[in-house]
Amino acid sequence: MTMETLEFQAEARQLLQLMVHSIYSNKDIFLRELISNASDALDKLRLAKLQDGLEADTSDLHIEIEVDAEKRTLTIRDNGIGMTREEVVDLIGTIAKSGTADLLAKLKEAKESPELIGQFGVGFYSTFMVADTVTLVTHKAGTEGHGTRWESAGEGTFTIDDAEGAPVGTTVTLQLRPKDEDDALYDYADVWKIKEIVKRYSDFIAFPIRMAAAVSPDASSEASSEASSEASSDAGAETPEMETLNSMKALWARPRSEVTDEEYHQFYRHISHDWTDPLEIINMKAEGTFEYEALLFIPARAPFDLFQREARRGLQLYVKRVFIMDDSKELIPDYLRFVKGVVDAADLSLNISREILQQDRHIQMIRRRLTKKVLSTIKDLMTSDPEKYATFWREFGRAVKEGLLSEPDNHQPILGIASFLTTTGTEPTTLAAYVERMKEGQEEIYFLTGESRSQVENSPHMEAFREQGYEVLILTDPVDEIWVDAVPEFDGKKLRSIARGSVDLKKDEPEPEPEGDFGPLLGFLKEKLDEQVKEVRLSHRLTTSAACLVSDANDVTPALEKMYRAMGQEGPRVKRILELNPNHPLVAGLRAAHERGADDANLPDTAELLYGTALLAEGGDLEDPARFAKLLADRLARTV
């Protein structure tokens, strides 16, 4: 066949311009695309030999990169399956075929870009971002005769011709554009830039990627495939020393028994930039209709930016060992954002540039399975290595509890790996252990939130529970204020705040009635404190304090109300309930003083002091500290 010059359709030229100038945000990826195509060709040759009995030499399958700085050419060649003339037109000429207008319309109008990744022609055309002219020479394995030469400047026409003597495989030669830093166009004739790109995107390709260790203008002057073929047959040509650029060590693809801990640790340090060894290593492999492999690491310490919104998070994503993106947030829930690692899928719905991960069922499936595996691994640590688990929870427990808000389906697994401080002992305990220690007849898991352990332990709400020997969870993380309302129960036991609703721990025991009638006093206090409280009643939870404030069962807590205000969400103020200890001398004396004279001028001030001390006892903030201090000083002055 003679040379043919074909003209692109108008729509094809538009599509090519769109791909070159709009689809790819990072020009470096052109080399990733070419290497990925070469790797696929090598895989196809090996498969054809195994399955179809194709006679081919697969003893040294490799990819070779050649740079000629003087001529500003970059050549990528492989000794893979190659293509026939028809396949070149069909695959590389994809955008020149009929139907291009429909493809262009889909790219511009569709909500999701068409799934074109894996079609040779699409990624191949990314080369025109960096090259003025692209030449491809290929020869299909198992076919006799000549190969095929394709060339285009990516504008109006392309040519197809015979390539006599072309070796089996494919060679792509780029006539590079000048460097243009303003357009983020780097010098791709720079050996070190090529090494950097290969290391970043193609380090784990299963085949060696080789390049001459030292490139001279004379050694790389023949960049086309035909010239390369002639040079390879020239006995007098000196073979340059070749350097393998990629490690080919995809640890996630190797059995764990074949990988040392040090290799895992080095890889973890590489992807996480954390110079301490990981706390735990997790290997996963899924086979069947959808295949992927994952290698995850649980760090030993929390990063400084764990709770910063702008922090980078997510897993590294590979497709067939080709690096796609550094921080794929879709693969792991945000409450497990500290997990580092890689996921390598056989196929995924990427957008046309491979830079955006589409939300499809495969992604959701990977996310669910990775989440389940991480949670089960932490669960195993609780029994197999309590010390490691304690380190994990100390570093990441606060983040993990965020999952109780974002993933209702995982409430029980997350609670199953959680630990909490309690009023029994100094070390955190699991909810399962708490349930085992519950008193006979106790049907609820009691908790109290606060800013610190000491504040919670000294709270008036704790008095009756301490006296009766009930264990109470001490929740001091800000997230605790929110998740306790989202999680109704654990292991069939309802979670119950001891600072909400009414409490009577002596339901089956007759309680001595307080002396006198407190009804008039309660009414008086409700009237005087009407702006602060919704109700005044006698308490069953106090044993030593005079009074305390409690929230209604369904009301927002003061701490949560304060958090909302800090976020700029001003809501209606929630009044609380003032509970009095009828056996406290102050309350008894106040009742007696009210009986002697309800119009006593000191009683309103005493009511304010009583409310203020109850607010301070739980760590609350006084609305008017100066007035409270004055009332207290005046009252103390009368006793001196």
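The protein chain has 21 helices and 23 strands; helices (H or I, at least four residues) and strands (E, at least two) are DSSP runs, numbered from the N terminus. This is a predicted model, in which local features need pLDDT of at least 70 and side-chain atom pairs count only at pLDDT 80 or more, while totals for chains, interfaces and linings use all residues. Residues are numbered from 1 along each chain as its sequence is written, and side-chain values use heavy atoms, with hydrogens and water left out.

**The chain as a whole**

Of the 640 residues in the protein chain, 49% are buried. Buried means under 20% relative accessible area, exposed over 50%, and partly exposed in between (1.4 Å probe, protein chains only). The chain exposes about 31,400 Å², and carbon and sulfur atoms supply 48% of that area; accessible areas come from the Shrake-Rupley method with a 1.4 Å probe, and for residues only the protein chains shown count as cover. A contact means heavy atoms within 4.5 Å. Among contacts between residues at least 6 apart in sequence, 73% join residues at least 24 apart.

**Nonpolar cores**

In soluble globular proteins, nonpolar side chains tend to be buried together. A nonpolar core is a set of buried Ala, Val, Leu, Ile, Met, Phe, Trp, Tyr and Cys residues joined through side-chain atoms within 4.5 Å. The largest one holds 135 residues, of which Ile65, Trp150, Leu174, Phe392 and Trp483 touch the most other members. Helix α2 (residues 29–52) gives the largest share of this core, 10 residues. A second, separate core of 22 residues includes Phe518, Ala547, Leu578 and Leu603.

Alanine 464 is in helix α15 (residues 463–468), and histidine 411 is in helix α12 (residues 411–417). The table gives their relative accessible areas.

| Residue | Relative accessible area |
|---|---|
| Alanine 464 | 4% |
| Histidine 411 | 11% |

Leaving aside neighbours within four places in sequence, alanine 464 is in contact with Leu505, His540, Arg541 and Thr543. Alanine 464 also lies 9.0 Å from threonine 544, C-alpha to C-alpha, although the two are 80 residues apart in sequence. Histidine 411 touches Leu404, Ala486 and Val487, again not counting residues up to four places away.

**Strands around β20**

Two strands pair if DSSP finds at least two bridges between them. Strand β20 (residues 493–497) runs parallel to strand β17 (residues 444–449), and four bridges join them. Glutamate 444 stands opposite lysine 494 in β20. Strand β19 (residues 489–490) pairs with β20 in the antiparallel sense over two bridges, and here glutamate 489 has lysine 494 as its bridge partner. The hairpin of β19 and β20 has two residues between the strands, and in it aspartate 491 takes a positive phi near 55 degrees.

**The largest pocket**

A pocket is found on a 1 Å grid over the protein atoms alone, as an open set of points where a 1.4 Å probe fits, with protein on both sides within 12 Å along at least five of seven lines; lining residues have an atom within 4 Å of a point. The largest pocket contains about 1,200 Å³ of space. It is lined by 50 residues, and the closest to its centre are Ser551, Thr557, Pro558, Ala559 and Arg576. Among the elements that each supply at least two lining residues are β17, β20 and α18 (558–566). Helix α18 gives the most to this lining, with six residues.

Note on methods: Points joined across faces, edges and corners; volume = space filled by probe spheres on them.
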